[in-house]
Amino acid sequence: MEWQKFAEEMALLARTLLKQESVQQTLDEIAASAVRLVEGCDAAGILAVRKGRAVTLSSCGDMVEESDRLQGDLGEGPCFDLARRADEERVFRVSDMTKPQPDWPRYAEAARGLGIGSMTGVLLYTHEEDFGALNLYARRPGAFTEDIATAGWLLASHAAVALADARTIDQLEHALETRHAIGEAMGMLMERHGMSDEDAFGVLRNISQHHNIKLRDVAQEIRNKHTGGQA
């Protein structure tokens, strides 16, 4: 690991994160930066677990959301294990996912099916039953050495600051649901009326402003109309 170069990249990242306009954009930039900056990292994501339910706050790479979902459905995995040991360890490293993992055998088997060869992660914070973790994935075993895990820890420090800006996991989850609803409504307008994405968003925004209705509620109403009232 070339620490001087990495330190310079981290300084640039800090400035880039300050330019982001929302917590969500900040988290997305952190996940993308992990893939870009950490050697051997093929995918990265930020996972929160709230009362046993996994919430993907950000992802970069096609294996991340499915890995998060599996941990939530199975109730086991590195992030869950890390949370249970929150007062002791804040970092985990699985050097070879192809080998048996007795702490979470069901997740490990499923992870191999996703093409995960190794992974590392850092606990971001704990608050009652809520926690978050920055997780880094590699397709090949042995991708994450102790030095590289340390690099992930440095990235996680930025993620922790970003999460501190949000009062609760519910706030972030609500933002994700809002973004999804708006995206679906825009897609419906674009498909049905031949609009560009910019024009479709403009329609939603104008209705919201003219009728003093939240953008998410406008999006939901459009979704209901185009699906025959089914949410």
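Ala108 lies in helix α5 (residues 105–113) of a predicted model, in which local features require a pLDDT of at least 70, side-chain atom pairs count only at pLDDT 80 or more, and totals for chains, interfaces and linings use all residues. Residues are numbered from 1 along each chain as its sequence is written, and side-chain values use heavy atoms, with hydrogens and water left out. Helices (H or I, at least four residues) and strands (E, at least two) are DSSP runs numbered from the N terminus. Ala108 counts as buried because its relative accessibility is 1%; buried denotes under 20% relative accessible area, exposed over 50%, and partly exposed the range in between (1.4 Å probe, protein chains only). When residues up to four places away in sequence are not counted, Ala108 touches Met97 and Gln101, contact being defined as heavy atoms within 4.5 Å. The C-alpha atoms of Ala108 and Thr98 are separated by 8.1 Å, with the two residues 10 apart along the chain.

The chain contains nine helices and five strands, arranged along the sequence in the pattern α-α-β-β-α-α-β-α-β-β-α-α-α-α. Of its 231 residues, 43% are buried. Among contacts with a separation of 6 or more, 59% are between residues 24 or more positions apart. The accessible surface of the chain amounts to about 12,400 Å², and carbon and sulfur atoms account for 47% of this area.

In soluble globular proteins, nonpolar side chains tend to be buried together. A nonpolar core is here a set of buried Ala, Val, Leu, Ile, Met, Phe, Trp, Tyr and Cys residues joined through side-chain atoms within 4.5 Å. The largest such core comprises 27 residues, of which Val38, Ile46, Leu134, Leu136, Phe144 and Leu155 touch the most other members. At least two residues of this core are supplied by each of α1 (3–18), α2 (23–37), β1 (43–50), β2 (53–60), β4 (118–127), β5 (130–138) and α6 (146–164). Helix α6 provides the largest share, five residues. A second, separate core has 19 residues, including Val49, Cys79, Val94 and Trp104. Apart from its neighbours within four places in sequence, Leu136 is in contact with Ala34, Val38, Cys41, Ala43, Ala44, Ser118, Met119, Thr120, Phe144 and Gly152.

Helix α2 contains the buried residues Gln24, Thr26, Leu27, Glu29, Ile30, Ala31, Ser33, Ala34 and Leu37. The expected span of a helix is 1.5 Å times one less than its number of residues. For the 15 residues of α2 this gives 21 Å, in agreement with the 21 Å between its end C-alpha atoms.

One aromatic pair is present in the structure. This pair, formed by Trp104 and Tyr107, is edge-to-face, with 6.3 Å from centre to centre and 75° between the planes. Rings of Phe, Tyr and Trp (its six-membered ring) are paired if their centres lie within 6.5 Å, and planes under 30 degrees apart count as stacked, over 60 as edge-to-face and the rest as tilted. Both Trp104 and Tyr107 are buried.

The disulfide count is zero, a disulfide being a pair of cysteine sulfur atoms within 2.5 Å. The sulfur of Cys41 has its closest cysteine sulfur in Cys60, at 8.0 Å, and is therefore too far away for a bond. Cys41 is buried, at 6% relative accessibility, whereas Cys60 is partly exposed, at 25%.

Helix α8 (residues 197–211) likewise has 15 residues, and the distance of 21 Å from its first C-alpha to its last is close to the expected 21 Å. Its buried residues are Ala200, Gly202, Leu204 and Ser208. Glu198, also found in α8, counts as exposed because its relative accessibility is 64%. The C-alpha atoms of Glu198 and Met186 are 9.0 Å apart, and the residues are 12 apart along the chain. Just after α8, Asn212 adopts a positive phi of about 55°, a positive value in a residue other than glycine. Asn212 belongs to the loop between α8 and α9 (215–226) and, at 73% relative accessibility, is exposed.

Terms used
Accessible areas come from the Shrake-Rupley method with a 1.4 Å probe; for residues, only the protein chains shown count as cover.
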